[in-house]
Amino acid sequence: MKQPEARSTGHTSWKRLAFVAVPIALLSGILIAGVGAGVVPAAIAVSTQSLALSGQQLKISADSLNGRGFGQYVDVDSTARGDKASAVTRIDKADIRDLCQSTVADLPGVGKVTTLIRAGRGDKPVHVDGLVIRTNNISGDAEFRDIVIGKDANTSKRMRGAPDGSFGQEAERVRITKLRQDAIGVRADLFKLSGLKLSVKRGDHSCY
């Protein structure tokens, strides 16, 4: 259900809202610009550690995620809203069906506003290479193949950059259905979306 670079200005605005909700920078202005070609490269940060995090919560859901090359460890992220512990999940390649991503912000004089992104419905799933998600909550039905639990994360290529001696787990394959996830940062080497739809609505219209 584990590196693009943007820094928060501290002022809430419609422009910033769209950027923060899409800084899945994969799903940001860069994503939108690349949609015409159907391929969105994400190249905003050179390492997981250099990712500048706003601390804004993203809700991500999907009917299913099928991935190859899974690794996960726990780390501490420095964000504009303070330090946060998160599980860093890396997946080499993944296909995601019925992807939904939402961010809710309070705008002065407007109230709650949701930026909502959907893609991968029907026969064409979202495809991702080099996916990294920093999450603090995840649920769903999961199946792992060839899994190793309790490994020193820093000794694994999939978990490069993990603190020395940190608890890690990895698997050759992962399948998660009914995925529900809260994240504070996402990046990918490639995000290929089919049927992308982005909307900005008043009120709370979170994915779940």
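A disulfide joins Cys100 to Cys207, with S to S at 2.0 Å. Heads-up: this is a predicted model, where local features need pLDDT of at least 70, side-chain atom pairs count only at pLDDT 80 or more, and totals for chains, interfaces and linings use all residues. Residues are numbered from 1 along each chain as its sequence is written, and side-chain values use heavy atoms, with hydrogens and water left out.

**Exercise 1.** Work out which parts the Cys100 and Cys207 pair ties together.

*Solution.* 
- Start with the criterion: a disulfide is a pair of cysteine sulfur atoms within 2.5 Å. The structure holds 1.
- Strands are DSSP runs (E, at least two residues), numbered from the N terminus.
- Get the handedness: -85° about the S-S bond makes the link left-handed.
- Check burial (under 20% relative accessible area, 1.4 Å probe, protein chains only): Cys100 is buried at 1%, and Cys207 is buried at 16%.

**Exercise 2.** Describe the lining of the second largest pocket by class.

*Solution.* 
- Take the classes: Ala, Val, Leu, Ile, Met, Phe, Trp, Tyr, Cys and Pro are nonpolar, Asp, Glu, Lys and Arg charged, and the others, Gly among them, polar.
- Apply them to the lining, which includes Asn66, Gly67, Lys93, Asp95, His127, Glu143 and Arg173.
- Tally: 2 nonpolar, 3 polar and 7 charged residues.

Methods:
1 Å grid on protein atoms, 1.4 Å probe; cavity = no way out; pocket = protein on both sides within 12 Å on 5 of 7 lines; lining within 4 Å. Helix = DSSP H or I, 4+ residues; strand = E, 2+ residues; numbered from the N terminus. Buried < 20%, exposed > 50% of the residue type's maximum accessible area, 1.4 Å probe, protein only.
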